[in-house]
Amino acid sequence: MANKAQNKPKTEESLLDIINKMKEIDYIDPEIIPDIELYMDQVTKFMDTHLGACKINNDDKVLTKTMINNYTKNDVLPPPIKKKYSKDHMCMLILLYYFKNVLSIDDIQRIFHPLKEMFYDNKKKSIGIDEIYAEIFTMEKKMTDKLTKDVLRRFQSSQELFPGVTDEKEADYLSRFAFICLLSFDAYLKKQMVERLIDETMSDLG
């Protein structure tokens, strides 16, 4: 027990370091999204600059030209106008970046198609895609602190498991493994919820 108790600060310090890095991952503030049309190279540069904190490895790309072209070919993203991308395009691409890490291209296509058809460049609607993005951005900002507190609670729960393990190395591994399991199960359940919500949403839309 003593060894495990002595090990907690090191493990907790590691977690806090990860959480601090996660706090750097953020939606792009609506205010800094260019209100002018951009060429592809300008789009990818903007995304790399403002979503760079999301990358695990320095060599990773946020959104490549191939990815963006594939979204257009799959009818997820509206095609550029004269090879230029509007603010609506940019808002959709930012949302797509987060979606692609969670959902299949089929589910992304299904849930994005109504967004594109109803609100993209549609002057008759009461709200535009840029305004939709701004509202989502505000909501996510409010949830960040709650998410951090929830992660810390899960971490503390994982530290209370396996009290009989006295070997420091084994205790450290098991507590981290338990924490990973807790987070993975949570991600699995939320992914299931998202997929079911997409099914229901598309069914309601007919």
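**Close-up views of a predicted model**

**View 1. Asp186, a buried residue of helix 7.** Asp186 has a relative accessible area of 17%, and it therefore counts as buried, the cut-off being under 20%. Asp186 lies in helix 7. Its side chain is joined to the side chain of Arg154 by a polar contact of 3.1 Å. The structure shown here and in the following views is a predicted model.

View 2. At the start of the helix, a side-chain oxygen of Asp167 comes to within 3.2 Å of the backbone nitrogen of Lys169. Just after the helix, Gly206 adopts a positive phi of about 85°. The buried residues of helix 7 are Ala171, Asp172, Ser175, Ala178, Phe179, Asp186, Ile198 and Met202.

View 3. Gln159 is found in helix 6, which covers residues 129-159. With a relative accessible area of 8%, Gln159 is buried. The side chain of Gln159 makes a polar contact of 3.2 Å with the side chain of Ser175. Ser175, in turn, is one of the buried residues of helix 7.

View 4. Cys91 belongs to helix 4, which runs over residues 87-100. Cys91 is buried, and its relative accessible area is 1%. When neighbours within four places in sequence are left aside, Cys91 is in contact with Ile33, Ile129, Asp130 and Tyr133. The C-alpha atoms of Cys91 and Ile132 are separated by 8.9 Å, although these two residues stand 41 residues apart along the chain.

**View 5. The packing of helix 2 and helix 4.** Two packed helices are described by the angle between their axes and by the distance between those axes. Helix 2, formed by residues 40-50, packs with helix 4 at an angle of about 45°, and the two axes are 12 Å apart. Because of this angle, helix 2 is oblique to helix 4. The crossing of the two helices is right-handed. Helix 2 contributes Val43, Phe46 and Met47 to the contact, while helix 4 contributes Met90, Leu93 and Ile94.

Technical notes
Residues numbered from 1 in each chain as written. Predicted model: local features only at pLDDT ≥ 70, side-chain atom pairs only at ≥ 80, totals over all residues. Heavy atoms only, no water. Buried < 20%, exposed > 50% of the residue type's maximum accessible area, 1.4 Å probe, protein only. Helix = DSSP H or I, 4+ residues; strand = E, 2+ residues; numbered from the N terminus. Polar contact = N/O pair within 3.5 Å; in protein donor to acceptor, adjacent residues only side chain to side chain. Contact = heavy atoms within 4.5 Å. Axes fitted to C-alpha atoms, helices over the stretch in contact; angles between N-to-C directions. Parallel < 35°, antiparallel > 145°, perpendicular 65-115°, else oblique. Left-handed = near helix turned anticlockwise from the far one by under 90°.
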